[in-house]
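Here is a short report on one chain.

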Amino acid sequence: GKPKWMKDLEADDISMVQELGGLTPAQLLDKIRQLQNLAYQLGLEEGMILYQAQLRSQFTQICGLCSY
């Protein structure tokens, strides 16, 4: 049968592992850099969304204290 670690893998996962296994070391490093850059960009976007939510919350609290 399959090794224990492969039991939870889907076809897409296996395909990705095979693709990565066929890369040269330089290509693999490039792929890793691309993934690191993507993760960094996603982190920046998430940080901006959280910051906007925090500002919105503070604005709502301030406006709730204002009487018109």
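The chain carries 6 positive and 8 negative side chains, and the centres of the two sets are 6 Å apart. Lys and Arg count as positive, Asp and Glu as negative; His and the chain ends are left out. Each charge is placed at NZ of Lys, CZ of Arg, CG of Asp or CD of Glu.

The model is predicted: local features need pLDDT of at least 70, side-chain atom pairs pLDDT 80 or more, while totals for chains, interfaces and linings use all residues. Numbering runs from 1 along each chain as its sequence is written, and side-chain values use heavy atoms, without hydrogens or water.

The chain has 2 helices and 0 strands. These are DSSP runs numbered from the N terminus (helices H or I, at least four residues; strands E, at least two). The C-alpha trace spans about 70 × 30 × 15 Å along its principal axes.

Of the 68 residues, 1% count as buried. Buried means under 20% relative accessible area, exposed over 50%, partly exposed in between (1.4 Å probe, protein chains only).

| Residue | Relative accessible area |
|---|---|
| Ile32 | 38% |
| Cys63 | 25% |

Ile32 lies in helix H2, residues 25-65. Cys63 is in helix H2 too. Cys63 and Val17 are 46 residues apart in sequence and 53 Å apart in space, C-alpha to C-alpha.
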